[in-house]
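Let's take a walk through this protein together. Have the sequence and the 3D view open, and follow along as we go from the overall picture down to single residues.

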Amino acid sequence: MKTPRIAALASNNGSSLRAIAEAIVAGKLNATISLLVSNRLNVPVLDYARACDIPALCIPTKGVESEADERLHAALMDAGAELIILSGYLRRLGPKTLSAFEGRILNVHPALLPKYGGAGMYGRKVHQAVLDAGELVTGATIHLVDADYDHGRVIAAKAVRIHSSDDVAVIERRVIQAECDLFVQTIQRIVAGELSLPL
């Protein structure tokens, strides 16, 4: 796939989306971001998308999951999306979207799966759990998305060492950087034909 059309889903800051967009602008990644969707209205990632002229919209999900699935599926189809990336998207995807894009939806998780994954394990909650367990290594994992949180097949992972002086904020910063680097590298592999969609 020479120039994949990427759609991104994000609930807050969209750090990985930003890294991917910056890699495209810098000429390090041959791809196009055709759409950004958030389930929350007043979040930084929507402002970022608009500032970068990335088409963006909000599709609320709370209490309207079935309707949201229909709307998301339609928006992704209209955008001609070939690859869907989840960049801190904190909602489970519905069956229509999952079916239409099976093997083409990637999520990044802030730990080395299968450890510290599943419902409720996101953001600083993950890093606190890793710290509380006395782990010496954490990391970032990119996996295929299915109907269960953090369950799909692992595509790539990057380890991040934990030092004795690290607190949650330090671990979070280091893992976010690993997530960004890993997502850009993974899409570069797709563009180069090393990974073929559907994965």
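Start with charge: the protein chain carries 21 positive and 21 negative side chains, and the centres of the two sets lie 2 Å apart. Here Lys and Arg count as positive and Asp and Glu as negative, while His and the chain ends are left out. Each charge is placed at NZ of Lys, CZ of Arg, CG of Asp or CD of Glu.

A quick word on where this comes from: it's a predicted model, so local features need pLDDT of at least 70 and side-chain atom pairs count only at pLDDT 80 or more, while totals for chains, interfaces and linings use all residues. Residues are numbered from 1 along each chain as its sequence is written, and side-chain values use heavy atoms, without hydrogens and water.

**The whole chain**

The protein chain has six helices and seven strands, in the order β-α-β-α-β-α-β-α-β-α-β-β-α along the sequence. These are DSSP runs numbered from the N terminus: helices are H or I with at least four residues, strands are E with at least two. The chain is as compact as a globular protein of its length, because its radius of gyration is 16 Å, close to the 16 Å that the globule rule gives for 199 residues. That radius is taken over C-alpha atoms, and the rule is 2.2 Å times the number of residues to the power 0.38. Along its principal axes, the C-alpha trace spans about 50 × 40 × 30 Å.

How much of the chain is buried? Buried residues make up 48% of the 199, where buried means under 20% relative accessible area, exposed over 50%, and partly exposed in between (1.4 Å probe, protein chains only). As for contacts (heavy atoms within 4.5 Å), take those between residues at least 6 apart in sequence: 65% of them join residues at least 24 apart.

An α-helix has 3.6 residues a turn, so residues three or four places apart point the same way. Keep that in mind for the next two helices.

In α2 (residues 44–51), the buried residues are Val45, Leu46, Tyr48 and Ala49. They cover an arc of only 160° around the axis, which puts them on the same side of α2. The arc is that of the directions from the helix axis to the C-beta atoms. On the other side of α2, Asp47 and Ala51 are exposed. The cover over its buried residues includes α1 (15–25), β2 (32–38) and β3 (56–58).

Now α5 (residues 124–132), where Val126, His127 and Val130 are buried. They fall within an arc of 95° seen down the axis, so they line one face of the helix. These residues pack against β5 (105–109), β6 (137–144) and α6 (168–191).

| Helix | Residue after it | Phi |
|---|---|---|
| α2 | Asp53 | about 60° |
| α5 | Gly134 | near 70° |

**Two residues up close**

Val175 sits in helix α6 and is buried, with a relative accessible area of 0%. What does Val175 touch, not counting residues up to four places away in sequence? Its contacts are Pro110, His127, Thr138, Gly139 and Val160. Val160 is 15 residues from Val175 in sequence and 6.7 Å away in space, C-alpha to C-alpha.

Arg71, in helix α3 (residues 65–78), is partly exposed at 39% relative accessibility. Leaving aside neighbours within four places in sequence, Arg71 is in contact with Cys58, Ile59 and Pro60.
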